Amino acid sequence: MLPPLDAMLPALLDALGYVGTGITVVADRGHGLERLYCNAAMAAMLGFSLDEMLAHPPIETIAPSQRALVNQLSASFRAGQPVPPALEFTAVRKDGSTMPIELAMGWFRIPDGVAYVMVVRDISVHQRAHLSLLEADRISLIGALSAGFSHEINNPLTSLLLNLRSLRRQLVTTLPEASQPQAMRYLDDITFSAERIANNVRALQTLATRQGVVAIDLAALVSAALRFAAPTLEPRANVIRQIFPVRRVTGEESRIGQAVLAMLLFSSSGFDAEVANASNRIIVSVEQRDAEVVLEVSDNGRNLTPEETNHAFDPFYRSSARGAGVGLGLGVARSVATELGGEVTLASRPGGGAIVTMRLPAAA
């Protein structure tokens, strides 16, 4: 018989510390964050002694530019908003230098507030022997889409090669006037195919390459994600686009694209890949709602089970249908949106299916 969990906990925390895993427990009772526990590995990561770290206000270990966001998230979590499985921030070391960190978080209620158990990892360039959860998810998403993407490249390339051969034959005849219209049509086909390849490659680069924080046109980003995911979505359902001009949002393009793809693939997983049905629909809408830019992906696929509704945002959750085999699934979408001051929600669609909604604050 196993001993009680509280008896094993100190040994578990010690073991994690021995391998350099930073652990901290922070309480939030509505009047500022307070540190309840910290291990030596966490303190050393930021250049503090253990006693110094325990006395140091938690908010001061976060970059000044992100402290308002931390306070905003704290208030929303206390009010009952879901806590995402992972968040990324910039931490401030004792010497004033900064480092990117990932927080994998669990939480529990305490009197008058919430306590968070955080596993902290340095994800700076020099510490990337292991990928962060969000990085690993992006690679998983690319793998899920790679087969369809290869097909999408091969089709226009075949057209390109065939038209080049035809054009070559026309050139041999020195382009008499009667042949010019036909030659122009070949050139038009080549141009269209080349643009199609370029668009798909750009969509892949957007997802695969991390960039800085910029003002992003979410309507254009969703359109690019739809082109990239088309080989996966379109065999399963008719995709209806309702994309309107919107104000820009501030964020990292690759991360927001990652969240959008997770939403699209979750929706497509509500349909049987082996059985095409003309009535299957995925509706993708982007619109401005007051000070928010809203992406909504709805489908008339399988109904959500209570378990899926409760656990769809859990990292690595797998059901027999929804979200199967698609990276971290909606958990990564929620993490990305939360870091930008937004949210991602999941609800059953009236009449059957699911609705996934992402709300992001519009840029000033």
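Biologist: Which strands does helix 8 lie across, and at what angle does helix 8 run to strand 12?
Modeller: Happy to start there, with the reminder that this is a predicted model. Helix 8 covers residues 253–268 and lies across strand 9, strand 10, strand 11 and strand 12. Its direction relative to strand 12 (354–361) is about 165°.

Biologist: Nice. In what order do the 5 strands of the open sheet come?
Modeller: The sheet is open and its pairing is mixed. Strand 7 (238–243) and strand 11 (343–348) stand at the edges with a single partner strand each, so one side of each has no neighbour in the sheet. The twist from one strand to the next averages 15°. Read across, the order is 7-9-10-12-11.

Biologist: How many bridges join strand 9 to strand 10, and which residue of strand 10 does V286 stand opposite?
Modeller: Strands of a sheet can pair either parallel or antiparallel, through backbone hydrogen bonds. Strand 9 and strand 10 run antiparallel, joined by 8 bridges.

Biologist: Is D112 buried or exposed?
Modeller: D112 sits in the loop between strand 4 (98–110) and strand 5 (113–122). Its phi is positive too, near 70°, and D112 is not a glycine. The cut-off for exposed is over 50% relative accessible area. At 68% relative accessibility, D112 is therefore exposed.

Biologist: Why is helix 10 described as largely enclosed by the rest of the structure?
Modeller: Buried means under 20% relative accessible area. Helix 10 spans residues 330–339, and its buried residues include L330, R334 and E339. The helix is largely enclosed because the buried count is 10 of the 10 residues.

Biologist: Which ring does the charged end of R334 sit over, and how far is it from the ring centre?
Modeller: R334 is one of the buried residues of helix 10. Its charged end sits over the ring of F313, and the distance to the centre is 3.5 Å.

Biologist: Last one: which residue with a positive phi follows helix 10, and what is the value?
Modeller: Helix 10 ends with residue 339 in its range. The residue that follows the helix is G341, with phi near 80°.

Technical notes. Residues are numbered from 1 along each chain as its sequence is written. This is a predicted model: local features need pLDDT of at least 70, side-chain atom pairs count only at pLDDT 80 or more; totals for chains, interfaces and linings use all residues. Side-chain values use heavy atoms; hydrogens and water are left out. Buried means under 20% relative accessible area, exposed over 50%, partly exposed in between (1.4 Å probe, protein chains only). Helices (H or I, at least four residues) and strands (E, at least two) are DSSP runs, numbered from the N terminus. A charge sits over a ring if NZ of Lys or CZ of Arg is within 6 Å of the ring centre and within 35 degrees of the ring normal. Two strands pair if DSSP finds at least two bridges between them. Axes are lines fitted to C-alpha atoms, for helices over the stretch in contact, and angles run from 0 to 180 degrees between N-to-C directions. Contact means heavy atoms within 4.5 Å.
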